[in-house]
Amino acid sequence: TSKPNATPGELVDTFRSGYEHWTIYMGDENEVHLAPANRKGFSAIVKKELLYDVAGRDKYQVNNKHNDKYRPLPSNKIIQRAEELVGQVWPYSLTSENCEHFVNELRYGVSRSDQVRPDGKSVRLCGPHGLAALLCRGSFVAQKRPQTICN
């Protein structure tokens with residue numbers, strides 16, 4: 001497998017069936033991303049994994065699509081912030097706290113997802129629990145602070 005054409009701190013967009021999964025490229029073929037923490041779909045764990053394990057057979061590309069609108073934070077700051085979050089459990093919400101919100105917050109300091117329209121309705125699902133989150137949206141109250149999982 002060829003190495004990704006990415007530098008640390010860049011966004012990687014993986015094309016799944018029906019949605020996109022977003023990650024931060026960390027270097028050495030590793031990524032940090034939100035992964036489901038449970039089957040209910042209301043929380044996600046911040047994981048650091050090999051890009052190829054995250055992408056599987058799905059196509060992916062570097063996609064820093066908001067560089068023209070927002071100034072990216074320095075790559076060392078993005079990497080440091082991402083490393084500090086690995087192992088933490090975060091609330092997951094399709095409309096306000098999905099994988100795309102997470103990586104945009106790390107790269108630009110702006111939490112946003114183009115997979116969700118401004119009225120809060122899904123355009124495309126982000127993550128395997130997107131449908132469950134959409135069906136239950138509004139019934140989950142986000143925590144103010146993430147919880148750390150001790151392994």
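Let me start with Ile 24, which touches Gly 9, Glu 10, Leu 11, Asn 30, Glu 31, Val 32, Ile 78, Val 103, Leu 106 and Arg 107, leaving out residues up to four places away in sequence. Contact here means heavy atoms within 4.5 Å.

Some housekeeping. This is a predicted model, in which local features need pLDDT of at least 70 and side-chain atom pairs count only at pLDDT 80 or more, while totals for chains, interfaces and linings use all residues. Residues are numbered from 1 along each chain as its sequence is written, and side-chain values use heavy atoms, with hydrogens and water left out.

Now the core. Of the 20 residues in the largest nonpolar core, Ile 24 and Phe 102 touch the most other members. A nonpolar core is a set of buried Ala, Val, Leu, Ile, Met, Phe, Trp, Tyr and Cys residues joined through side-chain atoms within 4.5 Å. Buried means under 20% relative accessible area, exposed means over 50%, and partly exposed is in between, with a 1.4 Å probe and protein chains only. Which elements give two or more residues to this core? They are β2, β3, β4 (43-50), α2 (75-85) and α3. Helices (H or I, at least four residues) and strands (E, at least two) are DSSP runs, numbered from the N terminus. The largest share of this core, five residues, comes from α3. There is also a second, separate core of six residues, including Ala 6, Val 12, Tyr 25 and Ala 55. As background, nonpolar side chains in soluble globular proteins tend to be buried together.

Next, the strands. Nine of the nine residues of strand β2 (residues 19-27) are buried, so β2 is largely enclosed by the rest of the structure. On one side of the sequence, six bridges join β2 to strand β1 (residues 11-16), and the two run antiparallel. Two strands count as paired if DSSP finds at least two bridges between them. Within this pairing, Thr 14 stands opposite His 21 in β2. β1 and β2 form a hairpin with two residues between them, and Gly 18 in the turn has a positive phi of about 95°.

β2 is also joined to strand β3 (residues 30-36), by three bridges, again antiparallel. Here Tyr 25, already mentioned as a member of the second core, has Glu 31 in β3 as its bridge partner. The hairpin of β2 and β3 has two residues between the strands, and in it Asp 28 takes a positive phi near 50°.

On to the aromatics. How many aromatic pairs does the structure hold? Three. Rings of Phe, Tyr and Trp (its six-membered ring) pair if their centres lie within 6.5 Å; planes under 30 degrees apart count as stacked, over 60 as edge-to-face and the rest as tilted. Tyr 52 and Tyr 60 have ring centres 6.5 Å apart and planes at 65°, so that pair is edge-to-face. Trp 90 and Phe 102 are edge-to-face because their planes are at 70°, with the centres 6.3 Å apart. This pair links distant parts of the chain, with Trp 90 in strand β6 (residues 88-91) and Phe 102 in helix α3 (residues 99-108), 12 residues apart. Phe 102 is buried, at a relative accessible area of 9%, whereas Trp 90 counts as partly exposed at 26%.

Last, the charges. Side chains of opposite charge can pair when their charged atoms come close. A search of the whole structure finds six salt bridges, each defined as a side-chain nitrogen of Lys or Arg within 4 Å of a carboxyl oxygen of Asp or Glu. One of them joins Arg 16 and Asp 58, at 2.8 Å from N to O. Arg 16 lies in strand β1 and Asp 58 in the loop between α1 (51-55) and β5 (60-62), so the pair ties together parts that are 42 residues apart in sequence. Asp 58 is partly exposed, at 30% relative accessibility.

Another joins Glu 83 and Lys 48, at 2.6 Å. Since Glu 83 lies in helix α2 and Lys 48 in strand β4, this pair ties together parts that are 35 residues apart in sequence. Arg 81 forms a salt bridge with Glu 105, the closest N and O atoms being 3.7 Å apart. That pair links helix α2, which holds Arg 81, to helix α3, which holds Glu 105, 24 residues apart. Finally, Lys 65, Glu 100, Arg 112 and Asp 114 are linked in a network of salt bridges.
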